[in-house]
Amino acid sequence: MQDFDLFVIGAGSGGVRCARIAAQNGARVAIAERRHWGGTCVNLGCVPKKLMVYAADYGREIADAPSYGWDVEPVAHDWSTLISAKDREIERLNRIYVSMLEKAGVTLFTGNASFVDAHTVEIGPSELAPDASVQRVRAKNIVIATGSTPTRLDIPGAEHVIVSDDAFHLTDRPERVAVIGSGYIGVEFAGIFAGLGSTVDLVFRQPHPLRGFDDELRVHLSELLPLNGIKAHPGRSPERIEKVADGYRLHLEGGHVIETDCVFMATGRHPNLAPLKLDNAGVATRDGRIPAKPDDATTNVPGIYAIGDVTDAYNLTPTAIAEGHILAERLFGEPGREWSFATTPKAVFFSQPLATVGLTEEEAVQKYDVDIYTSSFTPMRQTLSGRKGKTLMKLVVDAKSQAVLGAHMIGSDAPEIIQGLAIAITAKLTKRDFDRTIGLHPTSAEEFVTMRNATRHVPRKVG
């Protein structure tokens, strides 16, 4: 039986970073992956999703090109070309992840890993290695980094739906798509399918999409949905799905029915823990997740750690990478740089992308009197084409200290702009620092340093 200093279960972004940094610090490291080298982000998440967002973006740019003098012949999108190109890129990235691990000296196991006890792992056949022989290894330290998997609502007809994993491998683009759920995945895929020519219905229980984001941005996003060819059904829950001759009928509460070719369930994700046999190691869970702090990663069992989407902390690729890096250095190296989890920027790659960093207005007023600065305008790019949909920018500022607590934006290049502002907010810069910064003209980004007068003052909520 092989013996290691560290065994990582799951070769996603967090697990790969943890394994690689530990090996570079001299540890004997192994990693097991049952399905995809690179994990969800590379194979069934961020990367292929953004490639599909780019495909939809090109359609809008082609449509706007004549207003800038281009003589564009009628064009049509070929779904199979996109999917084939996406698959080739994912295969290339898979090879890069394997190469990185091998060069770092990490031992690779392909198969389904599960606990035998707190220091023994069994690796058996899996989707990626159906004919693998069963092996057992021992390790002083074991990291659980198996990520998450899509959650399906338990309603009649749920067997007819697709989830995000399936959307990346559809042989044809459905002409009509009903998306259930308005989190990251629901909003992004609604934009992708609409941008590529599908008729899209977006069904969600809240009054506005993207629960947990700043309310002002959520309202603005609701206004953008119909401008992008998406019919919203807020405040409604699905009751059942009926298969009919020419597609499906999605029945909503209140008696409303949507006729569609495809029902896409984007109703959240849950940790992929079932294959691990956690009970054999005594690892505790809470509400289906492993309680673990991002800067610590410890579980209730000494020597067993959890990072990424299996935990009850942050569930984003960059935070999983940071968690893995911190843990590897703490166990086998010297502590490196500090990481600011509280100012982790987030982005939703809709047709008009949304990005945010720091506190929302609703979060800020729980602790501070705040000044709110907003700017809404038609970006220059849309002036000649006449394309509808304004950009919205927002700063949340502590009225007393003038520290900028949060920055929020919907509009072209929002993720790129907010990444830069994340540095400023992590550094606790003030509104005065923003004001003394000269803008880069003509850009949308300059609006963040030219908002001189507060739109409103909001006192701290008491009680």
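By class, 10 nonpolar, 9 polar and 10 charged residues make up the lining of the second largest pocket. That is my starting point today. A caution before going on: this is a predicted model.

So much for the classes. How big is the second largest pocket, by volume? About 720 Å³. Its lining has 29 residues, and those closest to the centre are Asp57, Glu61, Ser351, Arg381 and Ser412. Two elements give two or more residues each to this lining: α3, residues 46-64, and α10, residues 414-426. The largest share comes from α3, with 8 residues. Now the domains. Domain 1 (2-147 + 272-332) and domain 3 (352-458) each supply at least three residues of the lining of this pocket.

Next, the cavities. Rolling a probe the size of a water molecule over the atoms shows where empty space is left. The structure holds 2 cavities of 30 Å³ or more.

Take the largest cavity. It has about 40 Å³ of space. Which residues line it? Val53, Ala56, Asp57, Arg60, Glu188, Gly191, Ile192, Phe349, Phe350 and Ser351. Helix α3 gives the most here, with 4 residues. Both α3 and α6, residues 184-195, supply at least two. By class, the lining has 5 nonpolar, 2 polar and 3 charged residues. At least three lining residues come from each of domain 1 (2-147 + 272-332) and domain 2 (151-267). Look back at two names. Asp57 and Ser351 line this cavity, and both are among the residues closest to the centre of the second largest pocket.

The second largest cavity has a volume of about 30 Å³. Its lining is Pro150, Val163, Ser164, Ile185, Phe264, Met265, Ala266, Thr267, Gly268 and Arg269. The classes are 6 nonpolar, 3 polar and 1 charged.

On to a helix, α4, residues 79-104. What span should its 26 residues have? At 1.5 Å a residue, 38 Å. The end C-alpha atoms are 38 Å apart, so the two agree. Several residues of α4 are buried, including Trp79, Leu82, Ile83, Lys86, Asn94 and Tyr97. After the helix comes Gly105, with a positive phi, near 90°.

Last, the cysteines. How many disulfides does the structure hold? The count is 0. Are Cys41 and Cys262 buried or exposed? Buried means under 20% relative accessible area. Cys41 has 13% relative accessibility, so Cys41 counts as buried. Cys262 is at 8%, so Cys262 counts as buried too.

Methods. Residues are numbered from 1 along each chain as its sequence is written. This is a predicted model: local features need pLDDT of at least 70, side-chain atom pairs count only at pLDDT 80 or more; totals for chains, interfaces and linings use all residues. Side-chain values use heavy atoms; hydrogens and water are left out. On a 1 Å grid over the protein atoms alone, a cavity is a set of points where a 1.4 Å probe fits but cannot get out, and a pocket is an open set with protein on both sides within 12 Å along at least five of seven lines; lining residues have an atom within 4 Å of a point. Grid points are joined across faces, edges and corners, and a volume is the space filled by probe spheres set on the points. Ala, Val, Leu, Ile, Met, Phe, Trp, Tyr, Cys and Pro count as nonpolar, Asp, Glu, Lys and Arg as charged, and the others, Gly among them, as polar. Domain bounds come from an automatic or database domain assignment. A disulfide is a pair of cysteine sulfur atoms within 2.5 Å. Buried means under 20% relative accessible area, exposed over 50%, partly exposed in between (1.4 Å probe, protein chains only). The expected span of a helix is 1.5 Å times one less than its number of residues.
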